[in-house]
Amino acid sequence: MTQSHTVADDLESVAARVDAAVAAVAKLEPSAQAVALELKQAIEAFHKLALTTMVRHLKQDPRGKELLLELVADPAVYALLVMHGIVRADPLTRARRVLDNARPYMQSHGGDAELVDVRDGVAYLRLHGSCNGCSLSAFTLRKHVEEVLLREVPEISRLEVLTDQPAPTILRPEAQMSPDETKGWVRGPAVSEVPSGQMMSIPTERGNVLIVNLANRLSAYRNACAHQGRPLDGGMLDPENGTLTCPWHGFCFDVASGECLTAPQAQLEPFPLRVVDGIIWVRPQ
């Protein structure tokens, strides 16, 4: 058995204990639930205070920084620090979240943007639809993307638009039309059926798709945990932290990126998603 498997097994065991405790608390009377939750929050606040102090001291010493980097490579330590907001996701992951948040605005104007990479302070993007071209609307949309990325991800100092794509168009008419079902698009529920903070699983010929609405930002993933492929639709969606926790073994995922916070090498399988006339469309691969 490899060390990584041992760590994963330990995480699974601990996560199962937490899930069992949370399930038990949910069955208590409201007054008892309130006491249990207050205890949980007090313990977490205590842990965060101590962890923050430890990380601050480690960062002040060169050898401490090296040790901290080694520790963060451990899935359990990484998940703990992320849970308490002490470690932030990498710039690429945060830039993707920012772009996802800006996507409804772009798509409502017939445009879209694809983040290719973030490297040496530069965000590389491909622009589509009315984001591309030289019209006033294209300029406005590009300016909007640039402003939100530079404001929300301080590590990014400028944007570079990749040109390895077809000739620009002023407006992409299909962006306003219902997707072509012969090209794999599947009609899903109305947006109103998946309110913010909720998720829904829909069956397709290519398997179940999980649609998640986090703060009015929609994402689509294969409804299968990256750990053992079990369905995620019965999991716990935490809108405050932007995470989804698998109901089977407690693996925790970043909803915006699909990144597994419990085991960073794992990832949810994302699918393209569009909203046309209030209807959600997905294209499972």
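Trainee: Where is the place of Glu259?
Mentor: Glu259 lies in the loop between β10 (252–254) and β11 (273–276). Keep in mind that this is a predicted model.

Trainee: Is Glu259 buried or exposed?
Mentor: Glu259 counts as buried, because its relative accessibility is 11% and the cut-off for buried is under 20%.

Trainee: What does Glu259 touch, not counting residues up to four places away in sequence?
Mentor: Tyr78, Thr93, Cys252, Phe253, Asp254, Ala266 and Gln267.

Trainee: There's a cysteine in that list. How many disulfides does a search of the whole structure find?
Mentor: The search of the whole structure finds zero. For background, a disulfide is a covalent bond between the sulfur atoms of two cysteines.

Trainee: Is Cys260 buried or exposed?
Mentor: Cys260 is buried, with a relative accessible area of 0%. Cys252 is buried too, at 17%.

Trainee: New topic. Where is Ser196 found?
Mentor: In the loop that runs between β4 (186–190) and β5 (199–202). Ser196 counts as partly exposed because its relative accessibility is 38%.

Trainee: Which residues is Ser196 in contact with, leaving aside its neighbours within four places in sequence?
Mentor: Asn213, Leu214, Ala215 and Asn216. Take Ala215 as one of them: Ser196 and Ala215 are 19 residues apart in sequence, yet their C-alpha atoms are 5.3 Å apart in space.

Trainee: You mentioned β5. Which strand does β5 pair with over four bridges?
Mentor: β5 pairs with β6 (residues 209–214), in the antiparallel sense. In that pair, Met200 stands opposite Ile211 in β6.

Trainee: How many residues are between β5 and β6 in the hairpin?
Mentor: Six residues are between them. Gly207 is in the turn and has a positive phi of about 105°.

Trainee: What about β4, which strand do three bridges join it to?
Mentor: They join β4 to β12 (residues 279–282), and the two run antiparallel. Val186 stands opposite Val282 in β12.

Trainee: In what order do the three strands of that open sheet come?
Mentor: The order is β4-β12-β11, with antiparallel pairing. In general, strands of a sheet pair through backbone hydrogen bonds, either parallel or antiparallel.

Trainee: Why is one side of β4 and of β11 left without a neighbour in the sheet?
Mentor: Because β4 and β11 stand at the edges, and each has a single partner strand. Neighbouring strands of this sheet are turned by 30° against each other on average, direction ignored.

Trainee: Let's zoom out. How many helices and strands are in the chain?
Mentor: The chain has six helices and twelve strands. Of its 285 residues, 39% count as buried.

Trainee: Last one. What share of the contacts with a separation of 6 or more comes from residues 24 or more positions apart?
Mentor: Such residues account for 52% of those contacts in the chain.

Key
Residues are numbered from 1 along each chain as its sequence is written. This is a predicted model: local features need pLDDT of at least 70, side-chain atom pairs count only at pLDDT 80 or more; totals for chains, interfaces and linings use all residues. Side-chain values use heavy atoms; hydrogens and water are left out. Buried means under 20% relative accessible area, exposed over 50%, partly exposed in between (1.4 Å probe, protein chains only). Contact means heavy atoms within 4.5 Å. A disulfide is a pair of cysteine sulfur atoms within 2.5 Å. Two strands pair if DSSP finds at least two bridges between them. Axes are lines fitted to C-alpha atoms, for helices over the stretch in contact, and angles run from 0 to 180 degrees between N-to-C directions.
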